[in-house]
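Please work through the exercises below with the sequence and the structure side by side. Each task is followed by a solution that goes step by step.

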Amino acid sequence: MFPASKYSLQARRCVRALKTLQTREHVLSQGYTARWCSSDLSVPKITSHYTIYPRDKDPRWEGVDMERFADEADVLIVGGGPAGLAAAIRLKQLANEQEKELRVCLVEKASQIGAHTLSGACLEPSALNELIPDWKERGAPMNTPVTEDKFGMLTEKYRIPIPILPGLPMNNHGNYIVRLGHFVRWLGEQAEELGVELYPGYAASEVLFHEDGSVKGIATNDVGIAKDGSPKDVFERGMELHAKVTMFAEGCHGHLAKQLYKHYNLRENCEPQTYAIGLKEVWTIDEKKWRPGRVEHTVGWPLNRNTYGGSFLYHLNEGEPLVALGFVVGLDYTNPYLSPFREFQRWKHHPSVSPTLEGGTRIAYGARALNEGGMQSLPKLTFPGGLLIGCSPGFMNVPKIKGTHTAMKSGMLAAEATFAKIADENLASDTAGIHVHEYEQNLRESWIWKELKAVRNIRPSFHNYFGLYGGIIYTGMFYWIGRGMEPWTLKHAGLDSEQLKPAKECTPIEYPKPDGKISFDLLSSVALSGTNHEGDQPPHLTLKNDCVPVANNLAIYDGPEQRFCPAGVYEYVPLETGEGMRLQINATNCVHCKTCDIKDPSQNINWVVPEGGGGPAYNGM
């Protein structure tokens, strides 16, 4: 299947990786190098993606037509979430008001607008009120105004109520509980009515550049590639989309944004981004237990005081007794044996939670990563030919657990600055791709900046000896009393991928078996996400080096990817020879949460887009 030259290339990659690993103190103390990479065949080939094995060096691609069709727009938007759609809507509003011709195109990797969208979601309508003031008359799917707030700290058996005082971030008066996927789909309908061209099912796989270094646009991914990386008979080249300005609204830890950070050194003057993983289920429950409009949050058990996280339980008013519940775990946790999914399942058995679910039916499951770095982790947002908007750079208000309103507002501000630039008939751009410097300045003068600045220290305040308790005390003293006016800005602990301790320094966590009524196994959960990928395509969970998982992650951290992945993508299984282990990647299970790319302690996993249309098929998550 693979030419001998491929094996030698893999062997050389293994040697280079292991030389790098040997510079790390904890690898020097282990004896795994020679054991796992002593020969070509000791490490089975896992990665076949062209980003790791270029096609121009693969004889199977000789003679294949690689020409791409190109199209051009005024503004191109990558990502059909709240930020991207808000930007598209605002652009067309301005163009229509001023009777200007403006072609706005939006590409989205999900098969339908909203199918990859997942959030709690308790939505603050501030940005929506600005964007579409008559949203109620237009039938926005916002049917559940918040009527009741409950907040508590859990111990193993008890719930300690914590009062939500006026002005605290957890006060949800005036907000709406929504199924965000349905809301995003509605936004898509508003955009289309205004003339925005929406292209769901097209995954943007590559950033294109002009000769002067400015962004030219994007290329969508190729389709019809076999799992071994060879072209199928039905191979089709992706297409190029060019624009004067390209807005990147990919969501948390975007595939293209990662490339842009490096290309333009956008993270040079900011703190490292820190993340969390959020897991969510939707249930139908006994109508007698249903309290439409109730919002419940907890912190504490089952997490220890040094692991950041908490839960939510929202009662929806959608014509049937529905609740949305979920669990969030900060990805700066240190114990490699921790499983966010199993912590979530364990939490549901708490005496204050399980009575709501007893007798109910779980109908949906999903997961996604969240940006938690706040203001100090925002990268530079503009560069020649492009902008970063929404959750891609990270505008989430962490103590509020809300980012939809800030994401939408960032898209609106980007649209206003971009339209003014493009509509300027006297514009003389220094580069072929227009640099919209004004967007970042306008954002700093908006209510987004004021809001994020006020809460900038709440998340990093968790990093103290008392952990959760110290963070709560800090919030009470400096946010509730001082509204974030303290003259200092706290730093984060560093990259989440660097926080894990070696397995030998940690205690394994014994999780109870799921009962099939309140708690469930991982694979039956993934089945509820509707996840589907074309099986015969190169795994989009690529490894920079196939040797590293066993030599580093398994040897030192006992394979944490098999626990932090919320979809069962990563498994360590015995080698066919019976000696040693290998990593198996079940890429068809992937729910596109990006946790592996973020938390991998060796930073060897690079998440890239699969064929467009693949992934979860969420129905209003």
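**Exercise 1.** Find which residues make the nonpolar surface patch of about 290 Å², and state where W480 is placed.

*Solution.* The patch is made by L165, W480 and I481, where a patch takes residues with over 30% relative accessible area and no salt bridge, joining like charges within 9 Å and nonpolar side chains (Val, Leu, Ile, Met, Phe, Trp, Tyr) within 5 Å. Accessible areas come from the Shrake-Rupley method with a 1.4 Å probe, and for residues only the protein chains shown count as cover. Next, W480 belongs to helix 13 (residues 468-480), helices (H or I, at least four residues) and strands (E, at least two) being DSSP runs numbered from the N terminus. W480 counts as partly exposed because its relative accessibility is 35%; buried means under 20%, exposed over 50%, and partly exposed in between.

The model is predicted, so local features need pLDDT of at least 70 and side-chain atom pairs count only at pLDDT 80 or more, while totals for chains, interfaces and linings use all residues. Residues are numbered from 1 along each chain as its sequence is written, and side-chain values use heavy atoms, with hydrogens and water left out.

**Exercise 2.** Describe how domain 1 and domain 2 meet.

*Solution.* Begin with the bounds, which come from an automatic or database domain assignment: domain 1 is 69-141 + 179-271 + 376-456 and domain 2 is 518-607. Then count the contacts (heavy atoms within 4.5 Å), which join 12 residues of domain 1 to 12 residues of domain 2. About 980 Å² is buried between the two domains, 50% of it on carbon and sulfur atoms; buried area is the accessible area (1.4 Å probe) that two parts lose on being put together, summed over both. Of the area that domain 1 buries against domain 2, K227, H253 and K258 supply 46%, more than any other three residues. Finally, three salt bridges are found across this interface, a salt bridge being a side-chain nitrogen of Lys or Arg within 4 Å of a carboxyl oxygen of Asp or Glu.

How values were computed: Buried < 20%, exposed > 50% of the residue type's maximum accessible area, 1.4 Å probe, protein only.
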